[in-house]
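The sequence and the structure follow.

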Amino acid sequence: MKHLQPFQVFPAIPAPLSFLDELSRNLWWSWNHDAKELFRRIDPKLWRESGQNPIVFSTLVSSSRLKELTNDEGFLAHQKRVRELYENSVLSKPKLIDYPLEPDGTIAYFSMEFGIHESLPFFAGGLGVLAGDYLKAASDLMLPVTGVSLLYRHGYFKQYLNLEGLQQEEYPEADLYTFPIERALDVEGKELYISITGPNGNIRAQVWKIMIGRVPLFLLDTNLPENSPEIRGITANLYPADQNKRLAQEVLLGIGGMQALASMGIFPSVVHMNEGHSAFSSFERLAQIIARYKIDLKTALEIGPRTSVFTTHTPVVAGHDVFPADLVKPYIIPLKEKLGISENEILSWGQPFWKDAGGQFSMFVLGLRMSQFCNGVSRLHGSVARKMWAHIWPERPVDEIPITHVTNGAHVPSWISYELSLLFDRYLGPGWSQHPWNPSIMNRIDGIYDEELWRIHEMNRSRLIRNCRELMIKQYERRNTPTTIMSDIEAVLDQDALTIVFARRFATYKRSHLLFMDPDRLESILTSTTHPIQIIFAGKAHPKDQEGKDLIKKIIQFAKRPSIRHRLIFLENYDISIARILVQGADVWLNTPRRPFEACGTSGIKAAINGAINVSILDGWWCEGYSEESGWKIGNGEEFFDPDYQDAVESQAVYNVLSEEVIPCFYDRKNGDAPRLWVAKMKASMKMAMQHFCSHVMVSNYNSQFYVPSAKRLIELRSDNLAEAKALTLQRERLRSLWKFIKIDPPVRKTTGPFRVGDTFNVTSEVFLGEITPEEIEVQLYFGKMKSVDSLTTGSYEPMKAQQDLGNGRYVYGCDVSCNFAGRFGFTARATPKGDDWIKNTPELLTWA
């Protein structure tokens with residue numbers, strides 16, 4: 001039917017309970033245990049049936065129950081307590097009074113997905129959940145952040161398995177009226193629409209707003225009656241397989257997202273692109289900078305990148321989006337006039353220096369070229385990214401590639417169990433969850449009685465087992481399983497057995513198959529009568545990833561063995577709600593990626609927060625988090641050239657760690673007491689995760705390393721009628737035109753040696769600068785331990801000073817070198833521009849002797 005006009009009827013809430021409606025429309029409640037308990041105590045059964053969605057829940061609660069609550073003094077006191085906390089956390093004036101933002105400025109955080117809560121289907125996996133935790137932490141820290149994404153009517157997909165273990169996908173359409181959303185308004189107070197040019201006409205989108213505590217999240221939605229079915233489908237699904245639709249989504253997110261902010265009177269002081277999906281935002285931002293400050297493109301290019309942040313989460317080149325340039329071109333034709341250059345010049349910003357690049361447009365390269373601040377999401381991943389993208393800076397040593405790292409974190413209040421939270425309230429003090437990085441607070445965990453902590457952990461494990469049974473019953477009922485088997489399903493798992501969880505996306509590099517390489521040995525471990533263990537698997541394979549689907553099928557087939565059918569299960573449709581249950585109740589969080597392909601792996605952090613012990617390959621965050629006190633490692637961080645040999649070696653390592661260390665430690669108990677050594681590891685694990693890997697630390701690092709410097713830089717660049725920005729433009733043009741004439745003679749030392757520790761010697765080099773002056777350039781002596789005749793293991797540099805003007809643009813530069821360590825060293829000289837990192841790291845402005 002056409003021209004249907006929808007409307008929604010919500011329940012009439014008595015005046016004394018009116019705060020419940022306000023609370024339900026801000027996702028702040030989702031990470032506040034007391035707020036969740038306020039809803040739950042109204043009717044625990046209906047709260048569970050509603051999927052813990054307050055808006056759905058409000059339609060299920062009867063008017064008589066609401067009226068009854070208006071006279072419940074206990075409930076009203078509870079509501080008053082939550083309201084006061086909400087007003088203090090969300091509505092009070094931010095403490096960042098002197099934050100260096102323009103009046104209409106913000107930190108705009110673009111992400112293709114956001115995983116805030118299971119009731120909002122705007123995420124697929126770890127990237128989205130990380131982005132959701134980021135917004136929550138930004139709200140807690142009262143940072144001026146604004147989120148931008150798309151509204152997906154069908155989300156990612158719901159996973160179902162048939163009797164053989166084959167993954168099936170369904171895409172149910174979400175009901176917008178069950179979301180706490182409202183229409184975004186433009187500066188005139190009208191409902192906001194934006195329009196971008198596509199290959200087949202205009203793409204029109206409406207803009208929605210969801211509040212995540214203090215932080216607004218704006219979502220673009222093309223599902224409008226006036227749009228064609230093709231355009232309406234752009235925001236239907238997350239990560240569609242169709243390349244044209246995928247490109248349209250990314251253009252809409254980047255260009256459309258920036259247009260939406262401008263229409264609301266928001267001009268970002270800082271733009272943070274969470275992965276390459278949102279890199280098109282840089283195009284529209286340049287156009288807005290040009291229009292706002294009435295400058296040319298070259299000057300805008302000195303401002304935009306210096307105030308942009310780009311985060312990569314993918315340690316594999318093939319994992320980054322690359323589109324044919326011919327597909328991209330129709331979207332950027334309207335930018336020609338705004339930017340004042342041809343579409344081919346615009347396209348060149350996203351084209352790598354690969355010999356076989358051809359007509360390819362890389363979203364990663366675009367994000368990299370448009371951002372001074374680029375980071376990976378763990379220390380190891382930063383190192384991997386520098387090696388992977390070194391070709392963008394072909395003359396620069398790998399350790400100087402301008403890609404750093406900010407290790408991901410998990411939002412503690414969102415993931416910690418209610419019982420543990422209450423325990424920490426007693427031992428750590430109220431408000432501990434807002435300062436989990438504070439060692440003086442976290443060290444109080446050591447003072448918790450072992451028996452008390454263990455009792456709560458056993459309670460959480462019991463809840464995990466109970467939920468697993470309920471989920472398994474639903475799974476098998478859907479498959480029309482015979483009654484005889486159903487009775488078996490109701491008794492799966494043991495509430496007292498060591499419970500290992502393997503839950504993550506089923507991609508081949510995650511190596512779920514590692515446990516099954518010696519199936520008989522695994523079966524013997526699972527079926528021990530004295531030290532029983534059980535394993536819970538969960539995770540989705542991408543709809544187009546047949547290898548990932550086959551891994552799931554293999555697990556299902558193995559789980560059918562009669563001896564282990566109660567000890568090994570697979571939970572369908574892994575999402576935030578299932579993840580929360582798993583991380584809160586697991587004893588062991590198992591992770592077996594092929595190093596170094598795990599960029600971070602935050603699920604292990606969430607489990608550690610709840611006292612689970614990580615048993616993992618040294619990859620991602622675990623390279624930084626591992627210690628003997630807090631968990632176990634699999635292997636020693638080796639990287640193999642032969643993947644089959646690697647799997648054979650590391651599968652045996654998994655069995656050995658479990659059999660010889662993990663299982664004996666769990667069952668090492670005296671007189672029925674709590675396992676003392678195990679509980680000690682739990683405490684160490686909790687402290688480690690919350691102090692170093694919480695999202696508050698992550699967001700604080702982004703703020704101090706990137707946001708504050710970027711925002712201050714914008715103020716500097718736009719001051720005095722943009723004098724510095726204009727000067728930088730002239731400097732760059734001058735250096736680019738004259739740099740090719742620089743010549744550096746090989747440096748020579750005045751003393752031949754040999755040298756001993758403590759000695760110094762002088763090095764000089766003749767340098768031809770041509771028309772460039774010594775004030776514009778820095779000549780450096782680059783030195784370090786030798787790896788081979790033409791390379792160093794690691795290098796450092798010492799500035800050389802101009803000691804003599806030889807005339808005609810030729811100078812003698814020199815410096816002293818100190819011999820601080822023994823070994824074989826090498827040195828050379830190089831020239832780089834003076835200035836900030838953005839001009840220093842220009843690929844073509846580096847010359848070696």
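In this predicted model, strands S18 (residues 588-591) and S19 (residues 613-617) are paired in the parallel sense, with 4 bridges between them. Within this pair, Val588 lies opposite Ile613 in S19.

Both strands belong to an open sheet of 6 strands with parallel pairing, in the order S17-S16-S15-S18-S19-S20. The edges are formed by S17 (568-571) and S20 (631-634); each has a single partner strand, so one side of each lacks a neighbour in the sheet. From one strand to the next, the twist averages 20 degrees.

Helix H27 (residues 643-666) packs on the sheet and touches strands S15 (498-503), S16 (533-538), S18, S19 and S20. The direction of H27 makes about 160 degrees with that of S20. The strands with their residue ranges are listed below.

| Strand | Residues |
|---|---|
| S15 | 498-503 |
| S16 | 533-538 |
| S17 | 568-571 |
| S18 | 588-591 |
| S19 | 613-617 |
| S20 | 631-634 |

Strand S16 contains Ile536. This residue has 0% relative accessibility and therefore counts as buried, the cut-off being under 20%. Leaving aside residues up to four places away in sequence, Ile536 touches Leu464, Cys468, Leu493, Thr499, Ile500, Val501, Phe502, Ile569, Leu571 and Leu582. Ile536 and Thr178 are separated by 358 residues in sequence, and their C-alpha atoms are 31 Å apart in space.

Technical notes: Residues numbered from 1 in each chain as written. Predicted model: local features only at pLDDT ≥ 70, side-chain atom pairs only at ≥ 80, totals over all residues. Heavy atoms only, no water. Pairing = 2+ DSSP bridges. Helix = DSSP H or I, 4+ residues; strand = E, 2+ residues; numbered from the N terminus. Axes fitted to C-alpha atoms, helices over the stretch in contact; angles between N-to-C directions. Contact = heavy atoms within 4.5 Å. Buried < 20%, exposed > 50% of the residue type's maximum accessible area, 1.4 Å probe, protein only.
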